[in-house]
Amino acid sequence: MADLFDRSAIKKPGHWTRRQLLQLGIAGAGVAGGAIALQNFTQKRPAAARIPPMPADAPAVSNINPMQIARDFDYGTVTRENGRTVREFRMEANTSVVQLNSAVSFNTWNVNNRVPGPTLRATEGDRIRVIFSNKAGHSHSLHFHGFHTAEMDGVKPVRNGSVFIYEFDAAPYGLHLYHCHIAPVTRHIGKGLYGMFIIDPPKPRPPADEILLIMAGYDVNDDEINELYAFNGIPNYYMNNPISIYKNQLVRLYVLNMIEYEAAVTFHLHANFFDVYRTGMTLTPSERADVITMGVAERHILEFTYGYNGKYMFHPHQDVIAEAGCMGLFEVIA
Ligand SMILES: [Cu+2]
(Lines give C-alpha, C1' and ligand atoms only; values in the text may rest on other atoms or scores of the structure.)
Protein backbone atom coordinates (compact mmCIF):
# COMPACT_ATOMS: atom_id res chain seq x y z
CA MET A 1 0.00 0.00 0.00
CA ALA A 2 1.33 3.42 -0.88
CA ASP A 3 2.26 6.09 1.60
CA LEU A 4 -0.28 8.76 2.29
CA PHE A 5 2.07 11.61 1.53
CA ASP A 6 4.27 12.89 -1.27
CA ARG A 7 7.43 10.91 -1.76
CA SER A 8 9.16 14.28 -1.78
CA ALA A 9 8.07 14.65 1.83
CA ILE A 10 10.37 11.85 2.96
CA LYS A 11 13.14 13.99 4.35
CA LYS A 12 14.32 15.45 7.60
CA PRO A 13 11.71 16.40 10.14
CA GLY A 14 11.38 20.16 10.30
CA HIS A 15 11.49 20.59 6.56
CA TRP A 16 7.97 19.51 5.82
CA THR A 17 5.71 22.06 4.22
CA ARG A 18 2.38 22.94 5.71
CA ARG A 19 0.82 21.31 2.65
CA GLN A 20 2.50 18.01 3.44
CA LEU A 21 1.51 18.24 7.08
CA LEU A 22 -2.06 18.94 6.09
CA GLN A 23 -1.99 15.83 3.92
CA LEU A 24 -0.82 13.79 6.84
CA GLY A 25 -3.48 15.23 9.05
CA ILE A 26 -1.05 16.41 11.69
CA ALA A 27 -1.08 20.16 11.15
CA GLY A 28 -2.71 22.30 13.78
CA ALA A 29 -4.08 21.22 17.10
CA GLY A 30 -7.76 20.85 16.35
CA VAL A 31 -8.06 17.09 16.45
CA ALA A 32 -11.61 15.92 16.49
CA GLY A 33 -12.37 12.36 15.52
CA GLY A 34 -14.87 12.35 12.69
CA ALA A 35 -18.36 12.21 14.03
CA ILE A 36 -19.71 8.76 13.44
CA ALA A 37 -23.35 8.48 12.65
CA LEU A 38 -24.72 5.35 11.12
CA GLN A 39 -27.70 5.84 8.93
CA ASN A 40 -30.31 3.67 7.37
CA PHE A 41 -29.68 3.08 3.73
CA THR A 42 -32.12 2.46 0.99
CA GLN A 43 -30.79 1.80 -2.45
CA LYS A 44 -32.44 1.20 -5.77
CA ARG A 45 -30.62 -1.47 -7.70
CA PRO A 46 -31.10 -3.48 -10.85
CA ALA A 47 -32.85 -6.65 -9.74
CA ALA A 48 -30.52 -9.19 -11.32
CA ALA A 49 -27.15 -7.87 -10.16
CA ARG A 50 -25.49 -9.39 -7.10
CA ILE A 51 -24.51 -6.59 -4.73
CA PRO A 52 -22.86 -7.07 -1.34
CA PRO A 53 -24.90 -5.69 1.58
CA MET A 54 -24.01 -2.27 2.94
CA PRO A 55 -21.51 -2.90 5.77
CA ALA A 56 -22.97 -1.97 9.15
CA ASP A 57 -19.69 -0.50 10.36
CA ALA A 58 -18.93 1.88 7.47
CA PRO A 59 -18.61 5.19 9.31
CA ALA A 60 -20.02 8.55 8.36
CA VAL A 61 -17.65 11.51 8.57
CA SER A 62 -19.33 14.84 9.34
CA ASN A 63 -22.64 13.25 8.30
CA ILE A 64 -21.15 12.24 4.94
CA ASN A 65 -20.99 8.50 4.35
CA PRO A 66 -19.04 7.72 1.17
CA MET A 67 -19.99 4.04 1.49
CA GLN A 68 -23.62 5.02 1.17
CA ILE A 69 -22.93 7.64 -1.51
CA ALA A 70 -21.18 5.06 -3.70
CA ARG A 71 -24.45 3.26 -4.46
CA ASP A 72 -27.00 5.97 -3.64
CA PHE A 73 -29.12 7.14 -6.58
CA ASP A 74 -31.87 9.71 -6.07
CA TYR A 75 -34.78 9.14 -8.45
CA GLY A 76 -36.75 12.05 -7.02
CA THR A 77 -40.43 12.24 -6.14
CA VAL A 78 -42.23 10.80 -9.15
CA THR A 79 -45.57 12.04 -10.45
CA ARG A 80 -47.36 11.87 -13.78
CA GLU A 81 -48.33 15.12 -15.48
CA ASN A 82 -50.06 15.11 -18.87
CA GLY A 83 -48.96 11.53 -19.44
CA ARG A 84 -45.32 12.24 -18.66
CA THR A 85 -43.08 11.17 -15.82
CA VAL A 86 -42.05 14.14 -13.70
CA ARG A 87 -39.20 13.78 -11.21
CA GLU A 88 -39.05 16.44 -8.55
CA PHE A 89 -35.88 17.02 -6.54
CA ARG A 90 -35.47 19.26 -3.52
CA MET A 91 -32.01 20.73 -3.44
CA GLU A 92 -30.90 23.02 -0.67
CA ALA A 93 -27.64 24.96 -0.77
CA ASN A 94 -25.98 24.82 2.63
CA THR A 95 -22.74 25.64 4.35
CA SER A 96 -21.28 22.99 6.62
CA VAL A 97 -17.96 21.97 8.11
CA VAL A 98 -16.49 18.65 6.99
CA GLN A 99 -13.67 16.93 8.88
CA LEU A 100 -11.33 15.95 6.01
CA ASN A 101 -8.84 14.21 8.29
CA SER A 102 -7.94 14.29 11.97
CA ALA A 103 -6.48 17.80 11.73
CA VAL A 104 -8.24 19.49 8.86
CA SER A 105 -11.81 20.70 8.97
CA PHE A 106 -13.07 22.48 5.88
CA ASN A 107 -15.97 24.85 5.42
CA THR A 108 -17.91 23.41 2.47
CA TRP A 109 -20.61 24.93 0.30
CA ASN A 110 -22.83 22.07 -0.73
CA VAL A 111 -26.21 20.65 -1.64
CA ASN A 112 -28.28 18.97 1.09
CA ASN A 113 -25.39 19.06 3.58
CA ARG A 114 -23.29 16.54 1.68
CA VAL A 115 -20.28 16.57 -0.63
CA PRO A 116 -20.84 15.50 -3.33
CA GLY A 117 -24.50 16.52 -3.59
CA PRO A 118 -27.17 13.91 -4.30
CA THR A 119 -26.79 11.81 -7.45
CA LEU A 120 -29.89 12.67 -9.46
CA ARG A 121 -31.13 9.97 -11.77
CA ALA A 122 -33.79 9.91 -14.47
CA THR A 123 -34.64 8.26 -17.76
CA GLU A 124 -34.26 10.13 -21.03
CA GLY A 125 -37.45 12.06 -21.73
CA ASP A 126 -38.55 12.49 -18.12
CA ARG A 127 -39.38 15.99 -16.97
CA ILE A 128 -36.96 17.20 -14.32
CA ARG A 129 -38.04 19.74 -11.73
CA VAL A 130 -35.43 20.93 -9.26
CA ILE A 131 -36.61 23.12 -6.41
CA PHE A 132 -33.43 24.89 -5.43
CA SER A 133 -33.51 26.79 -2.20
CA ASN A 134 -30.44 28.71 -1.16
CA LYS A 135 -29.72 28.74 2.57
CA ALA A 136 -25.94 28.95 2.28
CA GLY A 137 -25.44 32.60 3.20
CA HIS A 138 -24.52 33.96 -0.23
CA SER A 139 -25.46 33.50 -3.87
CA HIS A 140 -25.22 30.13 -5.61
CA SER A 141 -26.83 28.45 -8.60
CA LEU A 142 -27.25 25.02 -10.16
CA HIS A 143 -25.92 24.64 -13.68
CA PHE A 144 -26.86 21.29 -15.21
CA HIS A 145 -25.06 19.71 -18.13
CA GLY A 146 -27.53 18.59 -20.81
CA PHE A 147 -30.05 20.22 -23.14
CA HIS A 148 -32.21 23.05 -21.74
CA THR A 149 -33.22 26.65 -22.39
CA ALA A 150 -30.94 29.58 -21.58
CA GLU A 151 -33.26 30.52 -18.73
CA MET A 152 -32.62 27.12 -17.11
CA ASP A 153 -28.87 27.20 -17.62
CA GLY A 154 -28.15 28.06 -14.01
CA VAL A 155 -25.68 30.86 -14.54
CA LYS A 156 -27.81 33.51 -12.82
CA PRO A 157 -27.25 33.90 -9.08
CA VAL A 158 -29.92 32.60 -6.73
CA ARG A 159 -29.58 34.89 -3.75
CA ASN A 160 -29.35 33.66 -0.21
CA GLY A 161 -32.81 33.07 1.19
CA SER A 162 -34.47 32.70 -2.21
CA VAL A 163 -35.75 29.78 -4.28
CA PHE A 164 -35.42 29.04 -7.99
CA ILE A 165 -37.11 26.19 -9.80
CA TYR A 166 -35.12 24.64 -12.65
CA GLU A 167 -37.22 22.65 -15.06
CA PHE A 168 -36.19 20.85 -18.24
CA ASP A 169 -36.40 17.54 -20.07
CA ALA A 170 -33.84 14.87 -19.23
CA ALA A 171 -31.76 14.65 -22.41
CA PRO A 172 -29.55 13.37 -23.86
CA TYR A 173 -28.93 10.11 -22.01
CA GLY A 174 -25.50 9.90 -20.49
CA LEU A 175 -23.44 10.54 -17.42
CA HIS A 176 -23.74 14.22 -16.61
CA LEU A 177 -23.29 16.58 -13.69
CA TYR A 178 -24.49 19.72 -12.03
CA HIS A 179 -22.51 22.38 -10.25
CA CYS A 180 -22.73 25.92 -9.01
CA HIS A 181 -21.87 28.47 -11.70
CA ILE A 182 -21.26 31.59 -9.66
CA ALA A 183 -17.88 33.26 -10.21
CA PRO A 184 -15.28 32.31 -9.31
CA VAL A 185 -16.66 28.94 -10.38
CA THR A 186 -13.43 27.17 -9.45
CA ARG A 187 -13.94 28.25 -5.86
CA HIS A 188 -17.63 27.34 -5.76
CA ILE A 189 -16.91 23.87 -7.12
CA GLY A 190 -13.82 23.47 -4.96
CA LYS A 191 -15.91 24.24 -1.90
CA GLY A 192 -18.17 21.30 -2.74
CA LEU A 193 -21.19 22.49 -4.70
CA TYR A 194 -21.51 19.79 -7.35
CA GLY A 195 -23.01 16.38 -7.99
CA MET A 196 -23.69 13.70 -10.56
CA PHE A 197 -26.70 13.69 -12.89
CA ILE A 198 -27.35 10.36 -14.60
CA ILE A 199 -29.79 10.09 -17.49
CA ASP A 200 -30.49 6.47 -18.32
CA PRO A 201 -31.21 5.46 -21.93
CA PRO A 202 -34.88 4.62 -22.72
CA LYS A 203 -33.94 0.93 -22.85
CA PRO A 204 -32.04 0.32 -19.61
CA ARG A 205 -28.48 -0.89 -19.58
CA PRO A 206 -27.99 -4.54 -18.53
CA PRO A 207 -28.05 -5.31 -14.80
CA ALA A 208 -24.81 -4.54 -12.99
CA ASP A 209 -23.49 -3.55 -9.59
CA GLU A 210 -23.60 0.20 -10.12
CA ILE A 211 -21.14 2.36 -8.23
CA LEU A 212 -20.31 6.05 -8.55
CA LEU A 213 -17.02 7.77 -7.85
CA ILE A 214 -16.48 11.52 -7.99
CA MET A 215 -12.91 12.75 -7.79
CA ALA A 216 -12.44 16.13 -6.12
CA GLY A 217 -9.73 18.33 -4.62
CA TYR A 218 -9.66 20.53 -1.54
CA ASP A 219 -7.73 23.80 -1.39
CA VAL A 220 -7.79 24.05 2.37
CA ASN A 221 -5.60 27.17 2.74
CA ASP A 222 -6.85 29.29 -0.19
CA ASP A 223 -3.61 29.20 -2.17
CA GLU A 224 -5.32 27.85 -5.33
CA ILE A 225 -3.49 24.55 -4.95
CA ASN A 226 -5.25 21.46 -3.63
CA GLU A 227 -3.73 20.00 -0.52
CA LEU A 228 -6.15 17.09 -0.23
CA TYR A 229 -8.12 15.01 -2.70
CA ALA A 230 -10.96 12.55 -2.32
CA PHE A 231 -13.32 10.09 -3.90
CA ASN A 232 -16.90 10.92 -2.89
CA GLY A 233 -16.07 13.64 -0.39
CA ILE A 234 -13.75 12.19 2.23
CA PRO A 235 -9.98 11.75 1.62
CA ASN A 236 -8.73 8.16 1.82
CA TYR A 237 -12.13 6.85 2.91
CA TYR A 238 -12.12 3.81 0.63
CA MET A 239 -8.57 2.92 1.65
CA ASN A 240 -9.89 2.46 5.18
CA ASN A 241 -13.26 1.13 4.06
CA PRO A 242 -12.90 -0.86 0.81
CA ILE A 243 -15.94 -1.12 -1.46
CA SER A 244 -16.98 -4.77 -1.57
CA ILE A 245 -17.88 -6.24 -4.95
CA TYR A 246 -18.55 -9.83 -5.95
CA LYS A 247 -16.24 -11.91 -8.08
CA ASN A 248 -17.55 -12.50 -11.63
CA GLN A 249 -20.16 -9.76 -11.24
CA LEU A 250 -20.29 -6.99 -13.83
CA VAL A 251 -19.53 -3.65 -12.16
CA ARG A 252 -20.69 -0.43 -13.81
CA LEU A 253 -18.64 2.47 -12.53
CA TYR A 254 -19.81 6.05 -13.03
CA VAL A 255 -16.68 8.21 -12.74
CA LEU A 256 -16.63 12.02 -12.73
CA ASN A 257 -13.63 14.30 -12.41
CA MET A 258 -14.41 17.44 -10.36
CA ILE A 259 -10.80 18.25 -9.42
CA GLU A 260 -10.27 21.99 -9.85
CA TYR A 261 -6.79 23.56 -10.26
CA GLU A 262 -5.62 20.55 -12.34
CA ALA A 263 -6.06 20.51 -16.11
CA ALA A 264 -6.73 16.78 -16.15
CA VAL A 265 -6.22 13.64 -14.15
CA THR A 266 -6.34 9.97 -15.01
CA PHE A 267 -8.32 7.14 -13.48
CA HIS A 268 -6.55 3.81 -13.13
CA LEU A 269 -7.91 0.45 -11.99
CA HIS A 270 -5.53 -2.24 -10.73
CA ALA A 271 -5.29 -5.77 -12.10
CA ASN A 272 -8.04 -5.26 -14.63
CA PHE A 273 -9.21 -3.54 -17.79
CA PHE A 274 -12.48 -1.71 -18.29
CA ASP A 275 -14.82 -1.03 -21.20
CA VAL A 276 -15.22 2.72 -21.75
CA TYR A 277 -18.56 4.36 -22.55
CA ARG A 278 -17.46 7.94 -23.13
CA THR A 279 -19.63 10.45 -21.24
CA GLY A 280 -22.01 7.50 -20.83
CA MET A 281 -23.49 8.46 -24.19
CA THR A 282 -23.14 5.14 -25.99
CA LEU A 283 -24.55 1.65 -25.47
CA THR A 284 -21.47 -0.08 -26.84
CA PRO A 285 -17.96 0.59 -25.57
CA SER A 286 -15.54 2.63 -27.63
CA GLU A 287 -12.35 1.24 -26.14
CA ARG A 288 -10.78 -0.91 -23.48
CA ALA A 289 -8.12 0.41 -21.12
CA ASP A 290 -6.84 0.41 -17.56
CA VAL A 291 -6.03 4.14 -17.48
CA ILE A 292 -8.25 6.90 -18.85
CA THR A 293 -7.60 10.64 -18.90
CA MET A 294 -10.33 13.01 -17.80
CA GLY A 295 -10.39 16.83 -17.94
CA VAL A 296 -12.36 18.81 -15.40
CA ALA A 297 -16.06 17.85 -15.55
CA GLU A 298 -15.30 14.95 -17.88
CA ARG A 299 -16.93 11.68 -16.94
CA HIS A 300 -17.26 8.17 -18.28
CA ILE A 301 -18.99 4.89 -17.56
CA LEU A 302 -16.45 2.11 -17.04
CA GLU A 303 -17.47 -1.57 -16.92
CA PHE A 304 -15.38 -4.44 -15.60
CA THR A 305 -15.49 -7.77 -13.82
CA TYR A 306 -12.93 -9.23 -11.44
CA GLY A 307 -12.01 -12.91 -11.64
CA TYR A 308 -9.90 -13.14 -8.49
CA ASN A 309 -10.64 -12.38 -4.86
CA GLY A 310 -8.64 -9.71 -3.07
CA LYS A 311 -8.15 -5.99 -2.66
CA TYR A 312 -7.47 -3.86 -5.71
CA MET A 313 -6.64 -0.16 -5.79
CA PHE A 314 -8.17 2.56 -7.93
CA HIS A 315 -6.72 6.06 -8.20
CA PRO A 316 -5.51 8.76 -10.57
CA HIS A 317 -2.09 7.79 -11.91
CA GLN A 318 -0.82 11.21 -10.84
CA ASP A 319 0.49 9.56 -7.73
CA VAL A 320 0.90 12.80 -5.78
CA ILE A 321 -2.86 13.27 -6.12
CA ALA A 322 -3.60 9.65 -5.27
CA GLU A 323 -1.38 9.75 -2.21
CA ALA A 324 -3.06 12.95 -0.99
CA GLY A 325 -6.40 11.21 -0.57
CA CYS A 326 -7.74 10.24 -4.01
CA MET A 327 -7.19 6.53 -3.67
CA GLY A 328 -9.44 3.63 -2.80
CA LEU A 329 -9.87 -0.13 -2.80
CA PHE A 330 -12.29 -2.59 -4.22
CA GLU A 331 -12.47 -5.77 -2.20
CA VAL A 332 -13.48 -8.64 -4.43
CA ILE A 333 -15.29 -11.35 -2.47
CA ALA A 334 -16.55 -14.78 -3.49
CU1 LIG B 1 -21.82 28.62 -5.51
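Biologist: What are the ground rules for the numbers here?
Modeller: This is a predicted model: local features need pLDDT of at least 70, side-chain atom pairs count only at pLDDT 80 or more, and totals for chains, interfaces and linings use all residues. Residues are numbered from 1 along each chain as its sequence is written, and side-chain values use heavy atoms, with hydrogens and water left out.

Biologist: Which protein atoms are donors of the copper ion?
Modeller: His140 (ND1), Cys180 (SG) and His188 (ND1), at 1.9 to 2.0 Å from it. Donors are N, O and S atoms within 2.8 Å of the metal (3.2 Å for Na, K and Ca); water is not among the atoms, so sites may look incomplete.

Biologist: What spacing do the donors follow along the chain?
Modeller: H-x39-C-x7-H.

Biologist: Are Cys180 and His188 buried or exposed?
Modeller: Both are buried, meaning under 20% relative accessible area with a 1.4 Å probe, protein chains only.

Biologist: New topic. What is the strand order in the open sheet of five strands?
Modeller: 12-20-19-14-17, with mixed pairing. Strands are DSSP runs (E, at least two residues), numbered from the N terminus. Two strands pair if DSSP finds at least two bridges between them.

Biologist: Why is one side of strand 12 and of strand 17 left without a neighbour?
Modeller: Strand 12 (243–246) and strand 17 (291–295) stand at the edges, so each has a single partner strand.

Biologist: How do strands 19 and 20 run?
Modeller: Antiparallel, joined by five bridges. Lys311 stands opposite Glu331, and Tyr312 opposite Phe330.

Biologist: And in which sense do strands 12 and 20 pair?
Modeller: Parallel, over four bridges. There, Ser244 has Glu331 as its bridge partner.

Conventions. Buried means under 20% relative accessible area, exposed over 50%, partly exposed in between (1.4 Å probe, protein chains only).
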